[in-house]
Amino acid sequence: RRQQGRRYELGHILLFSILAILSGANSYRKVALFMSTHYEKLDEMFGLKWKRKPAYTSIREIIKETNSEELEKVFRAHSRQLSEMGEGQQFIEVDGKVLRGSFDHFLDQKAIQILSAFVSDSRIILAHEEIEQKTNEIPVARKLFEELGVTAAVFVLDALHCQAETLEVAQATGNDVIVQVKENQKTLLDDCVSHAATHQPDAVYQEPTTKSHNRIERRRVELFLFPFFSDPSKWEPVEVLVKVNRFRKVFHPKTKTWRDTHETAFYLATLILDAQLFCHVIRNHWGIENRDHYVRDVTLGEDASRIRVNPHIFAKLRSFALNIFRHNSVENVSQETFINCLDFAHLALYSGLF
């Protein structure tokens, strides 16, 4: 932004937008309403001395013109502080998400897709990468491995990333991978099924039965060390084949009956862990879906948002807000945003905010 005619500092606008999102704002209009409602408190805290309160159009122009790369640098530095990446082995979930409301048919613009890295234990979003329309998640994930600058971490990936080159890139950066195998790698999947059927497992873990939401579930994890594949040189980094059997009994209230289901899934790992830890990591594999994507869509209204110009900027502000919630051990984000809406003092006490 040019210095001439600049009424508002970029840092103030971005920070106040994050505070607004923490209080339930999901649009530029609501961000402006938050700033207007709490202007006296904000002025007292930051010495603003604005001649006038910013209109939502001013906020929109400032945010959409924010440099995405610079904002991402700040976000990654902030998230590393919150996640305490230096302590112990970290498991990082990597998954893409589409901002479904960001399409623009008039400009022939498809919905924007963003790849995110999510620390499983601390539930902190570590980084983002925008996925260009002419590419997909696979090369973007490899780029993310190199840019994160972490070592001794374990990246947990879905079957789309079951590629030999992805495993090599992760190991070249000093990290490991756990990745699911599905039909997109037909020969590899057949090798996994055959090896598990003809060899005794080297380790077994039977997870205790769990009961919740009209469902009884138990899992059995089997480990096969140094498995054999049709193309051994291609999958040389793989040290463990993990077979997961899921047994479920689902109760249907209408028919008053139980239905049994059984699923078998295979995973490849470039490191050796005990069977119980593999079970825990794989069960948490979709934590990024339940604890990040679902919250963004249902509570923060990301899918319903119709921001179409640089929508990834506002999406990153949502990530700042979610990280602050998780760092402060907030479990119910919907309830917490309502409390913040009612009590500005509660909002200002968050650790990691300033």
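Predicted model: local features only at pLDDT ≥ 70, side-chain atom pairs only at ≥ 80, totals over all residues.
Close-up 1. The pairing joins strand 4 (residues 154–157) to strand 5. It runs in the parallel sense, over four bridges. Helix 7 (residues 164–172) belongs to the picture as well. Strand 4, helix 7 and strand 5 form a right-handed β-α-β unit.

**Close-up 2. Strand 5 also pairs with strand 10.** Strand 10 covers residues 257–269. Its pairing with strand 5 is antiparallel and has four bridges. Look for Val179 and Leu268: Leu268 is the bridge partner of Val179 in strand 10.

**Close-up 3. Strand 5 is buried along its length.** Strand 5 spans residues 176–181, and six of the six are buried, so the rest of the structure largely encloses this strand. Asp176, Ile178 and Gln180 point one way. Val177, Val179 and Val181 point the other way. Both sets are buried.

**Close-up 4. Val181 sits in strand 5.** Its relative accessibility is 3%, and buried means under 20%, so Val181 counts as buried. Which residues does Val181 contact, leaving aside its neighbours within four places in sequence? They are Cys162, Leu188, Leu189, Cys192, Phe266 and Leu268. Cys162 lies 19 residues from Val181 along the chain. Even so, the C-alpha atoms of Cys162 and Val181 are separated by 6.4 Å.

Close-up 5. At the start of the helix, a side-chain oxygen of Asn136 comes to within 2.9 Å of the backbone nitrogen of Ile138. After the helix comes Gly149, with a positive phi near 75°.

**Close-up 6. Buried residues of helix 6 pack against helices and strands.** The buried residues are Glu137, Ile138, Val140, Ala141, Arg142, Leu144, Phe145 and Leu148. Two helices are packing partners: helix 5 (68–83) and helix 7. Strand 1 (91–99), strand 2 (112–119), strand 3 (125–131) and strand 4 are partners too.

**Close-up 7. Asn323 is buried in helix 11.** Helix 11 covers residues 311–327 and includes Asn323. Is Asn323 buried or exposed? Its relative accessible area is 0%, so Asn323 is buried. Leaving aside neighbours within four places in sequence, Asn323 touches Phe75, Ser79, Leu82, Ile124 and Ile125.

Methods. Residues numbered from 1 in each chain as written. Heavy atoms only, no water. Buried < 20%, exposed > 50% of the residue type's maximum accessible area, 1.4 Å probe, protein only. Pairing = 2+ DSSP bridges. Right-handed = clockwise from strand over helix to strand, strands pointing away. Contact = heavy atoms within 4.5 Å. Polar contact = N/O pair within 3.5 Å; in protein donor to acceptor, adjacent residues only side chain to side chain.
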